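Please read it alongside the sequence and the structure shown below.

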Amino acid sequence: MSSTTLDAVYLPEVLGMGMIGSFDQGWWHFHDGPGSSVEGRFDCRPVGGGCLLSLLNIKSSDLTLSMDYQGPEVISVGTMSASLIRFPDGTQRGSLRRDDEGFVMASVFERGPYVERFDDGHRYRSASMVFLPEFLMDMSAYLPFTYEQLAADLRAAGSADMPAELRADVERLALPCMRAHGSELFFQSLGLEMLSVLHEYVTAVRRADESAGLCTQSRLVRSAQSLIRAHLGDPLTIEGVAARLYVSRTALCAAFKRETGLSIGAWIARERIQRAKELLADGLPAQSVAARVGFAHPSGFAKAFKRHTGLTPLQWSGRRR
C-alpha cells in the first residue's frame, strides 16, 4: 500500500479535523490536539497491497469539511450512513452514522468533490475496510470475480441493507484486541471473507431482479420507491434519494419519469398525502400526521392536502366519520 493512496483516502479528512498523527507497528494513529475540532482518535493501517483498515471514534464540534477526492476508485465496506457526506453535484456518499445508530453499508467510492458534515456534540464511530482493484488482483486465486464485476453489481444493488454475515465481519474489525494483536494475515483473510459475502449478496440481488424481469431502470425506480416510503417522515429531497442509491439526480429523475409517468417530486407528494389519509383515518390529529409525513409546519401540510384532495385535513376526517 503506497503512502500516496493513504494520503488520498484518509489524510484530507483527518488533517481537516486538526488531528495529529504518528506511525507505530504498522498503524497510523491520529488523535486530537490543541487545534483540533474533534475529540477522540482515528487509527488506520494498510493491509496487503491494496486494502486499508480504519477505526474511528470521535466526538465532534460543529464541523464541515470540504474536500476534492482525487484518489483511486475504491470499494468501501463498513459502518456508514449517507446522511453526512454531500457532493456539490447533488450526489451523496456513505459516511459515519452518529452515536450508536451505525449500520453496515457497502459502496463504490469515486473521485470528486464532497462536503462532510459533523453535528456539534455527537459521537461518531466507524469501522471499515477500503479495497482497491489491486487487492482483488493480488487475491485473484481466492476470489472468483474481478473488481469490475463486483463494483458493477454493487452500484446496481444500491444502498439496500447488507447481510448479517457482513455485519458480523465488520464488527470484528472494531474489537479492541484487533488494534494491538491483529496480524496482516488475519485482516487479509477477513477482507477476503467480506468481499466474498458482498459478492454473493449483490449477485443474488441481480439474479432475483433478472428472474423478475426487471431491467436496471426498473430496479432503480423500485429501490427509490421503497426508500421514499420508508422515509416519508423525513425531509426528503430528490438529491438525497439519488444519493442513497448512488446515482445522479438527473439519472434518477429520468428513470422515474419513464417508469411511472410522474416526476419523482410529484410521486413523493402523492405518497405523503396517501399516507396522511391513512393516518387521519386511524384518528390521528392533523398536527401529528403532518410531522409523520414530512411536513415541518401543519399549515404547509394543510395547504398540500387541500391541493391534492380539495379538502382540508379536518374536512376530510369529518367525511370519514
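A crossing of two helices is called right-handed if the near helix is turned clockwise from the far one by less than a right angle, and left-handed if anticlockwise. The model discussed here is predicted. Its chain has 321 residues, of which buried residues make up 46%, and its secondary structure comes to 14 helices and 11 strands.

**Helix 8 and helix 11**
- The crossing of helix 8 and helix 11 is right-handed, and the axes of helix 8 (residues 216-230) and helix 11 (residues 264-281) come within 10 Å at an angle of roughly 40°.
- On the side of helix 8 the contact is made by Gln 225, Ile 228 and Arg 229, and on the side of helix 11 by Ile 264, Trp 267, Ile 268, Glu 271 and Arg 275.
- The residues of this contact between helix 8 and helix 11 divide into four nonpolar, one polar and three charged.

**Helix 5 and helix 7**
- Helix 5 (residues 164-173) packs against helix 7 (residues 184-211) at an angle of about 160°, and their axes lie 9 Å apart.
- Angles over 145 degrees count as roughly antiparallel, so helix 5 is roughly antiparallel to helix 7.
- The crossing of helix 5 and helix 7 is left-handed.
- From helix 5, the residues Glu 165, Leu 166, Asp 169, Val 170, Arg 172 and Leu 173 meet Phe 186, Phe 187, Leu 190, Glu 193, Met 194, Val 197 and Leu 198 in helix 7.
- By residue class, the contact of helix 5 with helix 7 has nine nonpolar residues, no polar ones and four charged ones.
- Asp 169, which lies in helix 5, has a relative accessible area of 2% and is therefore buried, the cut-off for burial being under 20%.
- Leaving out residues up to four places away in sequence, Asp 169 touches Leu 190, Glu 193, Met 194 and Val 197.

- In soluble globular proteins, nonpolar side chains tend to be buried together.
- The largest nonpolar core has 37 residues, and the members that touch the most other members are Ile 75, Val 77, Leu 136 and Leu 198.
- Among the elements that give two or more residues to this core are strand 4 (51-60), strand 6 (74-86), strand 11 (123-131), helix 4 (147-157) and helix 5, while helix 7 gives the most, with 10 residues.
- Not counting residues up to four places away in sequence, the contacts of Val 77 include Met 105, Ala 127, Phe 131, Leu 166, Val 170, Met 194 and Leu 198.
- Another core, of 21 residues, lies apart from the largest one, and its members include Met 17, Phe 42, Leu 52 and Leu 132.

- Phe 131 is found in strand 11 and, with a relative accessible area of 0%, is buried.
- Apart from its neighbours within four places in sequence, Phe 131 is in contact with residues including Gly 50, Cys 51, Val 74, Ile 75, Val 77, Leu 136, Gly 191 and Leu 195.
- Although Phe 131 and Val 47 are 84 residues apart in sequence, they are 9.4 Å apart in space, C-alpha to C-alpha.
- For the chain as a whole, among contacts between residues at least 6 apart in sequence, 66% join residues at least 24 apart.

Technical notes
Residues are numbered from 1 along each chain as its sequence is written. This is a predicted model: local features need pLDDT of at least 70, side-chain atom pairs count only at pLDDT 80 or more; totals for chains, interfaces and linings use all residues. Side-chain values use heavy atoms; hydrogens and water are left out. Axes are lines fitted to C-alpha atoms, for helices over the stretch in contact, and angles run from 0 to 180 degrees between N-to-C directions. Helices (H or I, at least four residues) and strands (E, at least two) are DSSP runs, numbered from the N terminus. Angles under 35 degrees count as roughly parallel, over 145 as roughly antiparallel, 65 to 115 as roughly perpendicular and the rest as oblique. Contact means heavy atoms within 4.5 Å. Ala, Val, Leu, Ile, Met, Phe, Trp, Tyr, Cys and Pro count as nonpolar, Asp, Glu, Lys and Arg as charged, and the others, Gly among them, as polar. Buried means under 20% relative accessible area, exposed over 50%, partly exposed in between (1.4 Å probe, protein chains only). A nonpolar core is a set of buried Ala, Val, Leu, Ile, Met, Phe, Trp, Tyr and Cys residues joined through side-chain atoms within 4.5 Å.
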